[in-house]
Amino acid sequence: MDVYLPIANLSVNGLIIVALGAITGLLSGIFGVGGGFLTTPLMIFYGIPPTVAAASAASQVTGASVSGVFAHSRRGGVDYQMGSVMVAGGILGTGIGAILFNLLEKLGQIDTVINILYVLLLGSIGGLMAKESIQAIRAERSGVPIAARKRRHHPMVASLPMRWRFYRSGLYISPLAPLLLGMGTGILTMLMGIGGGFILVPAMLYILGMSANVVVGTSLWQILFTTMATTMMHALTTHAIDIVLASLLLFGSVTGAQIGAMFSQKANPVKLRLLLAAIVLLVAARMALGLGYRPDEIYTMAPL
Amino acid sequence: MRRWLAPLLALCALPLLSGARDPILVPEVSQHEVDLQQGFTGTELLLFGAILTPEGSRAAQDYDIVVVLKGPTQSIVLREKQKVAGIWLNAASTELRSAPSYYAIASTRPIADIVDDKTAAIYELGLKWLQLSPIGAINPAEQARFAAGLVDLNRHNGLYREEEGGVKVSEQVLYQARIGLPSRVPTGTYTAETFAISKGRVVASASSHVEVRKLGVELAIAHFSQDYGFAYGLLAVFVSVGMGWLAGRLFALV
């Protein structure tokens with residue numbers, strides 16, 4: 001099924017794009033992450049211009065997180081107060097991200113920066129996840145449970161001024177901490193076309209110290225609105241969203257997300273985490289190799 | 001009397017003689033409009049025509065035919081990756097004012113066998129001879145390296161093509177060449193030029209145009225995203241939220 005993409009200016013096999021969306025949707029359904037970290041590199045690998053890939057991937061993450069937000073909010077798993085502070089930070093971050101994107105594009109270093117960010121983020125987060133899930137599996141086998149971590153926010157968070165009470169999260173901390181966290185992921189969303197769930201969730205658990213039952217719902221809430229803001233930002237600045245491409249991706253990913261969600265209820269969560277860690281590390285390794293190996297094309301061109 | 005008549009006669013005969021020697025070309029393209037829309041996966045243009053004498057009969061002489069299809073030129077910045085501290089990153093760049101967005105050449109024989117370098121450079125016959133107009137002063141060696149890089153990149157994309165032996169001439173009168181356009185072909189007005197070459201000299205040339213354009217929905221989407229960014233963004237958000245919500249609803253029924 002050949003589909004001509006009017007903004008990317010080339011024709012692709014529509015079924016491959018739908019399948020690509022479905023894979024990332026499955027991941028998002030199973031693991032509760034957006035899956036953008038997989039979509040953007042795969043699309044670039046398929047030959048879609050990097051800017052178009054990053055711009056169109058954000059809307060796919062929006063679609064995949066919608067039903068998750070509904071499900072979590074029904075069960076009271078969203079701290080709207082915390083979430084809104086983070087969304088405000090996220091919108092600020094997309095603005096900063098847009099400026100950075102422009103600047104790096106002018107310097108011709110956007111691709112390198114995106115690749116290095118991918119390697120660093122995916123490598124460290126994937127490593128952490130792998131370590132934790134291996135520990136958990138060992139604990140399960142030996143029967144000795146891991147000593148429960150004391151839930152506490154990071155000392156740096158405690159030193160920030162002006163504290164608010166976040167009831168659902170069970171926190172009395174400065175709103176600047178979630179604001180900065182939201183801003184950071186907003187910048188990453190704009191630059192890399194990812195939702196940032198795999199960074200947000202551990203950061204909310206271990207840096208902010210939020211109670212675990214609202215972490216996933218609140219992070220989805222933040223991702224939903226931040227990716228919407230990113231889509232708007234791309235539409236206004238880079239004009240690189242290909243709505244045909246985005247629709248194909250969405251079709252695959254929203255379906256995949258639902259199937260993934262059904263699947264995740266039956267599977268062992270610890271093993272799932274190990275699997276996710278392996279996928280994340282694999283993508284990071286592939287990107288790292290890409291930086292070091294001589295690329296197929298030494299030359300790239302951009303309109304002046 | 002005969003003494004001055006002979007050169008006069010010769011003078012009168014000269015235009016006739018040279019007229020008989022230089023052929024005229026009647027070029028045609030299989031389609032003058034290429035429409036980029038759903039289902040377009042690239043296409044092939046047939047560039048054909050006739051080689052005639054000015055009187056309109058067949059030329060009855062072997063000419064070398066060169067066909068060039070050229071897209072609109074564009075100003076670009078060309079970047080070169082180098083390995084810096086173990087990482088391949090863009091380390092050098094040059095700005096070119098007139099890089100053709102598309103360039104294909106087909107000829108009856110290798111260009112080097114048909115014309116000398118000077119003629120090839122003047123008529124831009126071949127990827128080697130593209131006039132790229134670099135901005136600012138850079139040394140010739142560096143300029144040649146970047147030009148070769150641009151050609152290499154676009155050859156991989158299928159946007160620069162060189163087909164020696166791609167032109168077929170039948171019965172010394174009809175020539176034809178097939179030139180492929182990939183799906184990522186840029187829009188604009190393309191010129192198709194045909195040259196007839198004899199003994200290293202371009203004896204006739206003719207050109208025609210091909211319009212590569214987006215149509216219908218594709219054109220509307222391209223305009224919409226450029227001119228109404230805010231509304232386009234809202235549409236993209238609406239589509240993504242709508243599809244996510246719809247999928248949730250449908251699967252709740254299952």
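**A helix pair, then an interface**

The crossing of H8(A) and H9(A) is right-handed, meaning that the near helix is turned clockwise from the far one by less than a right angle. The model is predicted: local features need pLDDT of at least 70, side-chain atom pairs count only at pLDDT 80 or more, and totals for chains, interfaces and linings use all residues. Residues are numbered from 1 along each chain as its sequence is written, while chains are lettered from A and ligands numbered from 1 in the order in which they are written.

H8 spans residues 197-208 of chain A, and H9 spans residues 212-236 of chain A. Helices (H or I, at least four residues) and strands (E, at least two) are DSSP runs, numbered from the N terminus. The two axes come within 9 Å and cross at roughly 140°. Axes are lines fitted to C-alpha atoms, for helices over the stretch in contact, with angles from 0 to 180 degrees between N-to-C directions. H8(A) and H9(A) are therefore oblique to each other; angles under 35 degrees count as roughly parallel, over 145 as roughly antiparallel, 65 to 115 as roughly perpendicular and the rest as oblique.

H8(A) brings Gly197(A), Leu200(A), Val201(A), Met204(A) and Leu205(A) to the contact. Residues from H9(A) include Ala212(A), Val215(A) and Ile223(A). Contact requires C-beta atoms, placed from the backbone, within 7 Å. By class, the contact has eight nonpolar, four polar and no charged residues (Ala, Val, Leu, Ile, Met, Phe, Trp, Tyr, Cys and Pro are nonpolar; Asp, Glu, Lys and Arg charged; the others, Gly among them, polar).

Now turn to the interface. Here 50 residues of chain B are in contact with 45 residues of chain A. On the chain B side, H6(B) gives the most, with 16 residues. That side has 23 nonpolar, 19 polar and eight charged residues.

Strands also meet here. E5 of chain A (residues 299-303) pairs with E5(B) in the antiparallel sense over five bridges; pairing needs at least two DSSP bridges. Tyr299(A) stands opposite Glu80(B). E5(B) also pairs with E6(B), antiparallel over eleven bridges. There, Lys83(B) has Trp88(B) as its bridge partner. E5(B) and E6(B) form a hairpin with two residues between them. In the turn, Ala85(B) has a positive phi of about 50°.

Notes
Contact = placed C-beta atoms within 7 Å.
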